[in-house]
Amino acid sequence: MKIVAYGIRDDERPFLDQWSKENPDVEVVGKSELLDDQTVTDAEGADGIVVYQQKPYTASVINKLGEYGIKFMSLRNVGVDNIDWQAIKANNIQVTNVPAYSPEAIAEYTVTTLMMLLRRARQFMKKESEGNFKWAPDLADELNQMTVGVYATGKIGRAAINIYRGFGAKVIAYDIYHNPELEAEGVYVDTPEELYAQSDVISLHAPATAENEHMLNDKAFASMKDGVWILNPARGTLIDTDALLRALDSGKVAGAGLDVYEDEVGIFNSDFGSFDAIPDERLKDLMKRENVIVTPHIAFYTKRAVKNMVYYAMDANKDLFETGKSDKLVQVD
Ligand code: COI
């Protein structure tokens, strides 16, 4: 079997090499370039490809894979929102993802960001860098006094719930699908509106879909408690950025932890050399605010998660080739 792995970063390469050593029956080609119209030609002759990228997997790229007879495409990440599924179906390609490389990594990071916001970490670090050790005016808030509304209770949402509870917070949740254990505990509210109305913190853990694009818009913010805290480690499209900026301006939203941003592709995981050179004014507006923490989609970025992403994706690709089956197959209607 031959697998071409695209977009292999320096931090992934040792794990890919290790997997390759453990699977001497597979020829592995690890390319640092992403999969696009130019680089797709490198996949000719492969049985499967392993990929991770935020830029789209377009119909023209997928049709080319089909022409090369490639039937297996394994993502090293969870999100499947940047794939042209019509083209995938038309070319009869099986796609796997890694649904759980470390839900805890994302959950821990989300709560870390919240604690930094609640304890005014940015404000104190800035003051200290200016030689100012005064306490006021940065009086903090306590998570144990709060109700956290968790939107979507998949693996990451549930890991986050456990941590929020460890801090003593009350947790409520919304999801179309109810987890039986959480259901038995009476955690679910019936509508997103109920979640918004009752929560001091909204913690988003949903995948991006056409239906939930800009679910946090002016109307949603208006229905929330005054001084609500917003956390988004999931997908940038869940939040209408202009509406969030308005809600931050008015004080409706006390602060936000944003590990994703709707226009992040091409910006996050790039180095522009200076703040001024960042080519996105809205992002810079968010970043300048002391009550906002913007990070470049790093909630997943731990040693354990990166290793699992490489290993699980390579294993899934091999499984498909050898057995025609994988427990990580993505089913899209
Ligand atoms: C995903 O797995 O879908 C993520 O959002 C993490 C990605 C940046 C590797």
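A polar contact, the idea to keep in mind for the first view, is a pair of N or O atoms within 3.5 Å. All the views below come from a predicted model.

**Figure 1. Who surrounds the ligand, and which residues approach its oxygen atoms?** Let's begin with the arginine: an N or O atom in the side chain of Arg235 is 2.7 Å from an oxygen atom of the ligand. His297 also takes part, with a polar side-chain atom that lies 2.7 Å from an oxygen atom of the ligand. Gly79 uses its backbone instead, where a polar atom is 2.8 Å from a ligand oxygen.

**Figure 2. Helix H4 packs against helix H6.** Here you can follow H4 (residues 103-118) as it meets H6 (residues 155-166) at an angle of about 50°, with the axes 8 Å apart. The two helices are therefore oblique to each other, and H4 passes H6 in a right-handed crossing. On the H4 side, the residues in contact include Pro103, Ile106, Ala107, Val111 and Leu114. H6 answers with Lys155, Ile156, Ala159, Ala160, Ile163 and Tyr164. Sorted by class, this contact has 10 nonpolar, 1 polar and 3 charged residues.

**Figure 3. Helix H1 crosses helix H12.** Look for H1 at residues 13-22 and H12 at residues 303-323; their axes come within 9 Å and cross at roughly 40°. That angle makes H1 oblique to H12, and the crossing is right-handed. From H1, the contact is made by Phe15, Leu16, Gln18, Trp19 and Glu22. Among their partners on H12 are Lys303, Val306, Tyr311, Met314 and Asp315. The contact divides into 7 nonpolar, 1 polar and 5 charged residues.

**Figure 4. Helix H10 meets helix H11.** Angles under 35 degrees count as roughly parallel, so H10 is roughly parallel to H11. H10 passes H11 in a left-handed crossing. Which residues of H10 and H11 make the contact? H10 brings Thr241, Asp242, Leu244, Leu245 and Leu248, while H11 brings Arg282, Asp285 and Leu286. By class, you will find 4 nonpolar, 1 polar and 3 charged residues in this contact.

Conventions:
Residues are numbered from 1 along each chain as its sequence is written. This is a predicted model: local features need pLDDT of at least 70, side-chain atom pairs count only at pLDDT 80 or more; totals for chains, interfaces and linings use all residues. Side-chain values use heavy atoms; hydrogens and water are left out. Axes are lines fitted to C-alpha atoms, for helices over the stretch in contact, and angles run from 0 to 180 degrees between N-to-C directions. Helices (H or I, at least four residues) and strands (E, at least two) are DSSP runs, numbered from the N terminus. Angles under 35 degrees count as roughly parallel, over 145 as roughly antiparallel, 65 to 115 as roughly perpendicular and the rest as oblique. A crossing is left-handed if the near helix is turned anticlockwise from the far one by less than a right angle, and right-handed if clockwise. Contact means heavy atoms within 4.5 Å. Ala, Val, Leu, Ile, Met, Phe, Trp, Tyr, Cys and Pro count as nonpolar, Asp, Glu, Lys and Arg as charged, and the others, Gly among them, as polar. A polar contact is a pair of N or O atoms within 3.5 Å; within protein, one must be able to donate a hydrogen and the other to accept it, and residues adjacent in sequence count only if both atoms are side-chain atoms.
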